[in-house]
Amino acid sequence: MKADRSLDCVGLYCPMPIVKTAAKMKELKVGDVLEVTADDKGIKQDMPAWAKATGNEFLGVEEGGDEIKVYVRKTQK
């Protein structure tokens with residue numbers, strides 16, 4: 001999936017990937033897609049829940065090896 005920005009959260013564990021995602025989303029424009037790379041399997045449940053709670057759009061998960069990539073579209077100002 002194509003992303004406008006990326007965020008490396010490998011080696012970070014809950015809640016830090018979500019905390020860093022929230023901070024990074026403030027830098028994006030509405031409509032931009034953020035790719036978050038992590039190795040904490042909890043992100044597969046945490047990111048969709050966070051996106052729903054904040055009104056952003058969760059786009060999906062890609063897994064390869066030990067890394068998990070999740071994609072979120074900014075929909076709120």
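My entries follow, starting with the ground rules.

**Ground rules.** I am working with a predicted model, in which local features need pLDDT of at least 70, side-chain atom pairs count only at pLDDT 80 or more, and totals for chains, interfaces and linings use all residues. I number residues from 1 along each chain as its sequence is written, and side-chain values use heavy atoms, with hydrogens and water left out.

I took helices (H or I, at least four residues) and strands (E, at least two) as DSSP runs, numbered from the N terminus. Strands pair if DSSP finds at least two bridges between them. I looked up β1 (residues 5-8) and β2 (residues 33-38): they run parallel and are joined by four bridges. Arg 5 has Leu 34 of β2 as its bridge partner. Between the two strands the chain passes through helix α1 (residues 16-25), and this β-α-β crossover is right-handed. By that I mean that, with the strands pointing away from the viewer, the path from the first strand over the helix to the second runs clockwise.

Which residues of α1 are buried? I call a residue buried under 20% relative accessible area, exposed over 50% and partly exposed in between (1.4 Å probe, protein chains only). I noted Pro 17, Ile 18, Thr 21, Lys 24 and Met 25. They lie on the same side of α1, because they cover an arc of only 125 degrees around the axis, taken from the directions from the helix axis to the C-beta atoms. Their cover includes β1, β2, α2 (43-54) and β4 (67-73).

**The core.** I next looked for nonpolar cores, meaning sets of buried Ala, Val, Leu, Ile, Met, Phe, Trp, Tyr and Cys residues joined through side-chain atoms within 4.5 Å. The largest has 15 residues, and Val 36, Ile 43, Met 47 and Trp 50 have the most contacts inside it. Two or more residues each come from α1, β2, α2 and β4, with α2 giving the most, four. Beyond its neighbours within four places in sequence, Val 36 is in contact (heavy atoms within 4.5 Å) with residues including Leu 7, Cys 9, Thr 21 and Ile 68.

**Cysteines.** I count zero disulfides in the structure. Cys 9 is buried at 0% relative accessibility, whereas Cys 14 is exposed at 53%.

**A cis bond.** I also checked the peptide bond from Cys 14 to Pro 15: it is cis, with omega near 10 degrees. Pro 15 sits in the loop between β1 and α1.

Conventions
Disulfide = S-S within 2.5 Å.
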